[in-house]
Amino acid sequence: MRKPFVWKLKTRELKLGERTFIMGVLNVTPDSFSDGDKYMDPDRAFARAVELEEQGADIIDVGAESTRPGSERISAAEENRRLIPVLKRLRGKLTVPVSVDTYIAEVAEMATEHGAAIINDPSGLTFDPLLAKVVVQHDAGLVLNHMRGRPESWAKLPPMRDVMGTIARELEATVSRARHAGVDRSRIVIDPGIGFGKRKEQNSEILAQLGKLASLDLPVFTGPSRKSFLAQQTDEQTRFATAAAVTACVLAGAHTVRVHDVAEMRVAVQVADEILRYRAD
């Protein structure tokens with residue numbers, strides 16, 4: 001059975017482990033691999049966020065910069081231009097916490113000032129270490145992802161050696177950096193960064209060995225949804241593939257899964273949680 005944790009945010013605590021939490025993805029980007037340009041308008045983004053909550057999302061994760069393979073970085077000003085109007089529209093309108101997917105301290109600062117309770121750093125503090133200070137100042141939750149290199153260079157990276165050993169060691173170092181910056185351990189969760197600089201076959205290896213991250217004694221997030229290693233001939237088939245990966249994550253001990261198709265993945269999560277309960281008994 002998964003170890004239970006209490007994840008402390010500024011105004012609430014989330015009890016992780018009793019069931020799998022679902023983080024619903026809301027991209028406000030023109031170039032996301034999955035839903036680019038659909039929710040750039042704040043009103044459409046608001047409607048989608050409400051829909052995700054109604055479908056069962058426990059957290060809404062808003063991203064204003066794509067981290068798909070080959071994507072280019074944008075300025076903090078441009079990221080804020082896309083993000084802040086959406087956060088203003090969402091503030092006070094949801095019952096679930098809002099997370100912002102960013103690695104830039106300046107963006108994190110603005111996001112937390114406009115109601116974001118969680119910063120989901122895809123770089124694991126490797127792009128902008130000052131982001132940790134923002135988390136401390138605003139008592140935010142922090143998701144630390146494992147990423148190799150940068151999205152624009154992922155295609156050139158060689159395969160990893162000792163995949164889970166490397167991820168665990170580097171995540172441990174990332175957590176140490178966050179702690180030295182003053183981030184309380186109760187505010188940190190870790191993510192192996194599926195697809196973030198890993199070769200296709202190595203993502204399946206991460207899912208198979210996800211339980212090894214339990215040694216870090218922190219809640220585990222995973223984000224397999226619609227990743228390229230799961231891509232099939234049709235969108236429907238890719239959703240089925242994602243459901244299989246989500247189920248594998250839950251059975252391997254993930255506390256939270258980050259998904260685009262909340263309604264469909266909620267069913268998979270519920271079945272996996274039931275299996276997990278019987279396994280514990």
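## Where H5 meets H6

In helix H5, Val163, Met164 and Ile167 meet Gln202, Glu205 and Ile206 of helix H6; contact here means heavy atoms within 4.5 Å. Sorted by class, the residues of this contact are four nonpolar, one polar and one charged. Ala, Val, Leu, Ile, Met, Phe, Trp, Tyr, Cys and Pro count as nonpolar, Asp, Glu, Lys and Arg as charged, and the others, Gly among them, as polar.

H5 covers residues 163-180 and H6 covers residues 200-208; they pack at an angle of about 70 degrees, with their axes 9 Å apart. That makes H5 roughly perpendicular to H6. Angles under 35 degrees count as roughly parallel, over 145 as roughly antiparallel, 65 to 115 as roughly perpendicular and the rest as oblique.

## Before you read on

This is a predicted model, in which local features need pLDDT of at least 70 and side-chain atom pairs count only at pLDDT 80 or more, while totals for chains, interfaces and linings use all residues. Residues are numbered from 1 along each chain as its sequence is written, and side-chain values use heavy atoms, with hydrogens and water left out.

Helices (H or I, at least four residues) are DSSP runs, numbered from the N terminus. Their axes are lines fitted to C-alpha atoms over the stretch in contact, and angles run from 0 to 180 degrees between N-to-C directions.

## H2 and its two partners

How do H2 and helix H3 (residues 105-113) pack? Their angle is about 15 degrees and their axes are 10 Å apart; H2 and H3 are therefore roughly parallel to each other. On the H2 side, the contact uses Ala76, Glu79, Asn80, Leu83, Ile84 and Leu87, and on the H3 side Glu106, Val107, Met110 and Ala111. These residues divide into seven nonpolar, one polar and two charged.

Now for helix H1 (residues 42-55): its axis and that of H2 (residues 76-90) come within 9 Å and cross at roughly 50 degrees. That makes H1 oblique to H2. Pro42, Asp43, Ala45, Phe46 and Ala49 in H1 meet Pro85, Val86, Arg89 and Leu90 in H2. By class, this contact has seven nonpolar, no polar and two charged residues.

## A pocket to find

Look for Thr11, Val98, Gly115, Ala116 and Ala117: among the 21 residues that line the second largest pocket, these lie nearest its centre. A pocket is an open set of points on a 1 Å grid over the protein atoms alone, where a 1.4 Å probe fits, with protein on both sides within 12 Å along at least five of seven lines; lining residues have an atom within 4 Å of a point.

The lining of the second largest pocket comprises ten nonpolar, six polar and five charged residues.

Definitions and conventions:
Helix = DSSP H or I, 4+ residues; strand = E, 2+ residues; numbered from the N terminus.
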